[in-house]
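Please have the sequence and the model at hand while reading.

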Protein chains: 2
Amino acid sequence: MKIIQYQSAVHSVKKENLIQLEKFLDRVAGEQADLIMVGEMFACPYDINNFLAYSEPQGGETFKFLSGLARKHRVYLAAGTVPEIDAEGKVYNTAYVFDRNGELAGKHRKVHLFDIDIPGGQYFKESTILSPGEQVTVFDSEFGKIGLCICFDIRFNEMFRIMTNLGARIILIPAAFNTTTGPIHWQLLLQARALDNQCFVAATSPARNKNASYQAWGHSLVVNPWGKIIGELDELPGHLTSRVDFQEVESVREQLPVVSNLRSDLYEVVYKPPV
Amino acid sequence: MKIIQYQSAVHSVKKENLIQLEKFLDRVAGEQADLIMVGEMFACPYDINNFLAYSEPQGGETFKFLSGLARKHRVYLAAGTVPEIDAEGKVYNTAYVFDRNGELAGKHRKVHLFDIDIPGGQYFKESTILSPGEQVTVFDSEFGKIGLCICFDIRFNEMFRIMTNLGARIILIPAAFNTTTGPIHWQLLLQARALDNQCFVAATSPARNKNASYQAWGHSLVVNPWGKIIGELDELPGHLTSRVDFQEVESVREQLPVVSNLRSDLYEVVYKPPV
């Protein structure tokens, strides 16, 4: 499975970001990637005041555009996240993944909203405008099961165990850490999630914009099931190409029996999705 | 709370290790530590062939000796681990913690036995001789609740969430990683456990012995609730002194609401201790 992560600069005009993505896909078309991935809120500057204004319902203009790109390039497109508005007017931070036919293969609404208040550091309260998702997401692909979650969800290892139990061999994470938490937590959490669950993790961020109110950490990366970073960008716009082989998941699990050694007689992560 | 971690060299004669610990406690008596901690199998070279031969029942000679040291020095003694044999002849990898009166404050039997088989790297199968523990351990102290687990248990984040749910503000981990997994996994796992659960983690290893069949990684360390290592040794014999303030647990949890933001409506780590 060949993955290209596109760490794009985010422009304030939504359409510019979509055209930028279209051009990128044209540019890398010769590389025959199986999956192309972009970052959290890649077409909406990450700011509470933008989420409602940039939101669209599922099936809206942006959705159709992204679906069309996937179909055109016959590629899985993990299209970062976009603000989604539902029929009741609730806004979600939503990740769509389209398959090679442009069909919706997976969808995740961010479950854990990002609220932080560090004296002298980061302040952000997503929960003032966004509604939380209500499920853990794993979807099928021609390569096997793929897990999907968003940014702050990273901090909740229960979600990752559930995705693992549901069969995920790689977990895709559109995200946008910041310059307070990024330097100390970004690599650490992503490596730990891969190691604990003995699976691949691919996390994609927008590039850092020094003029933005919220400065993304960038550093899109891929971690293997041994917890090792096999590729990583810096904070600038760019892209990262990686090859992952799901067989590695099986071999690491045999060598070091962690996932197979869970003591479900003694403890268990129980998943309680709403009916 | 002042902690001293003693990363001792392990001698093949059990009694020598106990006398060495006694001398160490005398030597640091002036430092007024609240808790002194030693490593996994600090008095029994880490080798499957030794566990039965070095084992003693709870309350045996070594147990009494360690209890006496705690009482003499009016200190909490997290006495690493020792092989414990029960009435049925089963052998466990057991951690005892004695309070300032020499009373048993906490006891943990390693739940996850260490089985590893890395081609060209580490091979070890604890499960061929040891029996697994059947509970997650949190005990009371004058400083608040303290969690306790052992080495390979580190890899199972469910145990840490249960300890956190049971109120642990610091988790003590006698351990002995090796030169295969140590360099890539030791810091990573311990930092992630502290960060995920927003608590302190203190992990103590024996020193590396280049002549031993199993070479411990050493690198005893303390991590704060922000996931930062606040003190760490190298692989040589030595000791590490740290001060930890449980107030930090509360302040980190307020700044970055992770533990308080667990979606127990959607997922939950269920603990099922045997009756």
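To speak of a rotation axis, the copies are first superposed by least squares on the C-alpha atoms of residues with pLDDT of at least 70 in both. The model examined here is a predicted one.

Under that superposition, chain A can be laid on chain B with an RMSD of 0.0 Å by a turn of 180 degrees, with a shift of 0.0 Å along the axis. The two copies are therefore related as by a two-fold rotation axis. Among the residues of chain A, Val269(A) is the one that comes closest to this axis, its C-alpha lying at 2.1 Å. The same surface serves both copies, since 100% of the contact residues of chain A recur in chain B.

How many residues of each chain are in contact with the other chain? In chain A there are 51 such residues, and they are in contact with 51 residues of chain B. The area buried between chain A and chain B is about 4400 Å², and carbon and sulfur atoms give 60% of that area. On the side of chain A, the residues that lose the most area to chain B are Leu266(A), Tyr267(A) and Lys272(A), which together make up 15% of what that side buries.

Polar and charged pairs also cross between the chains: 26 residue pairs are in polar contact across the interface of chain A and chain B, and the count of salt bridges between the two chains is eight. Strand 7, helix 4, helix 5 and strand 16 of chain A each supply at least two residues of the side that touches chain B, and helix 5 gives the most, with nine residues. By class, that side of chain A has 27 nonpolar, 11 polar and 13 charged residues.

Strand 16 of chain A is joined by five bridges to strand 16 of chain B, and the two strands run antiparallel. Within this pairing, Tyr267(A) stands opposite Tyr271(B).

Over all chains, the count of salt bridges comes to 32, and two of them are set out below.

| Salt bridge | Closest N to O distance |
|---|---|
| Glu40(A) and Lys110(A) | 2.9 Å |

In the pair within chain A, Glu40(A) lies in the loop between strand 2 and helix 2, while Lys110(A) lies in the loop between strand 6 and strand 7, so the pair ties together parts that are 70 residues apart in sequence.

How values were computed:
Residues numbered from 1 in each chain as written. Chains lettered and ligands numbered in written order. Predicted model: local features only at pLDDT ≥ 70, side-chain atom pairs only at ≥ 80, totals over all residues. Heavy atoms only, no water. Contact = heavy atoms within 4.5 Å. Buried area = accessible area lost by both parts, 1.4 Å probe. Salt bridge = Lys/Arg side-chain N within 4 Å of Asp/Glu carboxyl O. Polar contact = N/O pair within 3.5 Å; in protein donor to acceptor, adjacent residues only side chain to side chain. Helix = DSSP H or I, 4+ residues; strand = E, 2+ residues; numbered from the N terminus. Nonpolar A, V, L, I, M, F, W, Y, C, P; charged D, E, K, R; others polar. Pairing = 2+ DSSP bridges.
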